[in-house]
Amino acid sequence: MTTGFVVVVAALLLAAWILAIANRLDRLHVRTDAAWAALDAALARRAVVVRALLDPALSAAASRAESASRAERESAENELSGLLGALDRSSLAPALAAELADAEERVVLARRVHNDAVRDTLLQRRRRVVRWLRLSGTAPQPSYFEIAEPASPSDAVMLTPRPSARVLLLDAAGRVLLFQGFDPARPQELFWFTVGGGVENGEELRDTAVREAFEETGVKLAPESLAGPVWRRRAVFSFAGQTFDAEEWFFLAHVDGIEVDTSGFNDVEEHSISAFRWWTAEELESTEDTVYPVQLAELLPSLSAEWDGETRPVR
């Protein structure tokens with residue numbers, strides 16, 4: 001009788017614990033949805049103010065941002081941010097300049113609140129009990145919103161061009177090698193990304209891909225063994241307080257039985273990369289982790305076929 005009572009109490013406590021986790025996860029999803037709604041409203045207000053500037057190019061960019069799908073919204077909003085960064089604000093009426101600065105400040109704050117909510121939700125969804133019991137149900141996985149931020153609301157958004165070559169390193173099983181890292185300014189936001197890095201002065205894209213692969217993995221690739229570039233990705237991202245306008249060119253390389261050697265990491269990589277692993281398309285499809293490019297899980301299986309010579313855009 002005593003044993004049965006203990007079992008019942010333990011079961012009730014376990015059920016209460018699981019219910020508490022499920023309720024917290026539900027509240028986090030509600031918080032994330034509300035944060036996105038607030039960010040969307042802040043971006044919409046910025047677009048309204050921009051159209052009041054009566055600049056045709058800015059008005060067109062604002063309209064494109066408003067009508068963009070969620071998948072294309074980051075790119076469109078960053079295009080608008082770039083144009084605003086080049087705007088001579090001294091020529092604006094003081095009241096209009098102040099309203100624009102206020103609209104930009106609200107976007108910055110709303111984006112940070114949104115990304116904080118996304119971070120907390122993803123951390124909860126990654127807990128073993130949540131994954132094992134599928135407590136997240138059919139709720140879509142939230143994602144960070146990456147948009148360039150000025151250092152202060154009145155500063156121009158300065159985008160640093162960054163051409164880079166990346167390598168889709170596939171093993172014999174079709175798995176892709178990814179590194180996990182973070183922006184030193186936001187170490188709590190982890191994400192996975194492919195091998196590769198920035199193009200140095202006077203360097204060809206293929207040479208950059210070969211060099212980066214060796215520095216980051218210890219693998220010596222022959223330039224002629226690389227297929228591509230198979231993909232091209234445009235993205236705006238911040239790293240260590242600097243905002244980059246990145247143009248990434250992806251090459252494809254097949255390797256077998258290699259041992260990854262990260263001893264060639266530079267100081268930045270040493271302090272901002274925390275792990276690496278090989279991923280299957282199925283694992284990428286089911287993970288709650290943030291992965292770039294976003295379409296990697298969807299497009300990875302297509303890399304098993306011979307490259308047709310076309311460079312395709314990816315997100």
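Visitor: Are H1 and H4 roughly parallel or roughly antiparallel to each other?

Guide: A word on the source: this is a predicted model, where local features need pLDDT of at least 70, side-chain atom pairs count only at pLDDT 80 or more, and totals for chains, interfaces and linings use all residues. Residues are numbered from 1 along each chain as its sequence is written, and side-chain values use heavy atoms, leaving out hydrogens and water. The axes of H1 and H4 (residues 94-125) come within 8 Å and cross at roughly 160 degrees, with axes being lines fitted to C-alpha atoms, for helices over the stretch in contact, and angles running from 0 to 180 degrees between N-to-C directions. Angles under 35 degrees count as roughly parallel and over 145 as roughly antiparallel, so H1 and H4 are roughly antiparallel.

Visitor: Is Thr32 buried or exposed?

Guide: Thr32 sits in helix H1 (residues 2-51). Its contacts (heavy atoms within 4.5 Å), leaving aside neighbours within four places in sequence, are His114, Ala117, Val118, Thr121 and Pro142. Buried means under 20% relative accessible area and exposed over 50%, with a 1.4 Å probe and protein chains only; Thr32 has 5%, so Thr32 is buried.

Visitor: How are H2 and H3 oriented to each other?

Guide: The axes of H2 (residues 56-67) and H3 (residues 70-85) come within 8 Å and cross at roughly 160 degrees. Residues making the contact include Ala57 and Leu58 of H2, and Leu83 and Leu84 of H3. H2 and H3 are therefore roughly antiparallel.

Conventions
Helices (H or I, at least four residues) and strands (E, at least two) are DSSP runs, numbered from the N terminus. Angles under 35 degrees count as roughly parallel, over 145 as roughly antiparallel, 65 to 115 as roughly perpendicular and the rest as oblique.
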